[in-house]
Amino acid sequence: MKKINFRNIRIRKVDPSELDDRMLLVNLYITQAITLFIGILIIFFQSQTLFQVMKFPGGISVLGWGAVFAAAVLVFDWLIARWVPEEVTDDGGINKKLFGNRPLWHIGVISLIVAICEELLFRGAIQHAFGPYWTSILFAAIHVRYLRHWLMTGMVFLISYGLGHLYLFTGSLWAPIAAHFIIDFVMGCIIRYRKDEVDGER
């Protein structure tokens with residue numbers, strides 16, 4: 001049996017252009033499945049149940065608060081984009097690769113899956129143990145593609161911190177899920193259709 005030489009294993013930065021569309025989607029969905037599994041596993045060992053965490057709110061006001069929060073984030077992001085050089089908000093091209101040629105329905109599916117999986121893990125499970133501050137530190141840290149730019153890392157932290165307090169304020173995980181979904185969906189659509197406009201002008 002051939003032995004694996006771990007010294008020869010090298011971790012390197014992956015250029016988004018090296019990933020084909022299928023591999024990018026496979027990586028995305030596997031990552032989200034792992035995120036969901038870890039979130040459910042953590043909740044299993046806590047004093048809460050998955051049913052309590054995922055219980056849908058009785059009224060639509062909870063979703064309304066999520067929409068208000070998302071609108072505030074999108075306006076702030078628009079202002080940042082107007083005044084800050086594009087390279088400062090660069091994520092290495094991952095978002096353009098992910099959303100650039102995606103049909104509208106698929107942008108919606110990706111946004112919903114990411115919102116549910118990440119909010120269940122971070123707001124539903126981790127925040128229950130460590131509170132919104134340390135949860136947001138971890139949330140910012142896993143968004144590796146933004147760590148090169150302090151402004152983007154700070155924005156990710158602040159958005160996460162806001163989502164944490166939105167969860168505490170409404171008492172429902174569906175508020176941050178709704179906010180997360182709207183933010184990702186709108187940003188995905190902007191990337192997708194801005195590309196079409198630019199291509200059309202050429």
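Visitor: At what angle do helix α3 (residues 61-83) and helix α6 (residues 150-170) pack?
Guide: Start with the rule. An axis is a line fitted to C-alpha atoms, for helices over the stretch in contact, and angles run from 0 to 180 degrees between N-to-C directions. Here the angle is about 165 degrees, and the axes of α3 and α6 lie 11 Å apart. This is a predicted model, in which local features need pLDDT of at least 70 and side-chain atom pairs count only at pLDDT 80 or more, while totals for chains, interfaces and linings use all residues. Residues are numbered from 1 along each chain as its sequence is written, and side-chain values use heavy atoms, with hydrogens and water left out.

Visitor: How are α3 and α6 oriented to each other?
Guide: Angles under 35 degrees count as roughly parallel, over 145 as roughly antiparallel, 65 to 115 as roughly perpendicular and the rest as oblique. So α3 and α6 are roughly antiparallel.

Visitor: Which residues of α3 and α6 meet?
Guide: Look for contacts, meaning heavy atoms within 4.5 Å. On the α3 side they include W65, F69 and F76. On the α6 side they include M155, I159 and F169.

Visitor: How do α5 and α6 pack?
Guide: The angle is about 140 degrees, with the axes 9 Å apart. Therefore α5 and α6 are oblique to each other. Their crossing is left-handed. Among the residues that meet are R123, S136 and F139 in α5, and S160, Y161 and H165 in α6.

Visitor: Is S160 buried or exposed?
Guide: Buried means under 20% relative accessible area, exposed over 50%, and partly exposed in between (1.4 Å probe, protein chains only). S160 sits in helix α6. S160 is buried, with a relative accessible area of 0%. Leaving aside residues up to four places away in sequence, S160 touches R123, T135, S136 and F139.

Visitor: How many salt bridges are there?
Guide: First, the general idea. Side chains of opposite charge can pair when their charged atoms come close. A salt bridge is a side-chain nitrogen of Lys or Arg within 4 Å of a carboxyl oxygen of Asp or Glu. By this rule there are two.

Visitor: Which residue forms a salt bridge with D21?
Guide: The partner is R102, and the closest N and O atoms are 2.6 Å apart. D21 lies in helix α1 (residues 21-44) and R102 in the loop between α4 (94-99) and α5 (104-142), so the pair ties together parts that are 81 residues apart in sequence. D21 is partly exposed at 35% relative accessible area, whereas R102 is buried at 5%.

Visitor: Which residue forms a salt bridge with R123?
Guide: That is E119, with the closest N and O atoms 2.7 Å apart. R123 and E119 are four residues apart in helix α5, so about one helical turn separates them. Both R123 and E119 are buried.

Visitor: How many helices and strands does the protein chain have?
Guide: Helices (H or I, at least four residues) and strands (E, at least two) are DSSP runs, numbered from the N terminus. The protein chain has seven helices and zero strands. Buried residues make up 40% of its 202 residues. Among contacts between residues at least 6 apart in sequence, 80% join residues at least 24 apart.

Key: Left-handed = near helix turned anticlockwise from the far one by under 90°.
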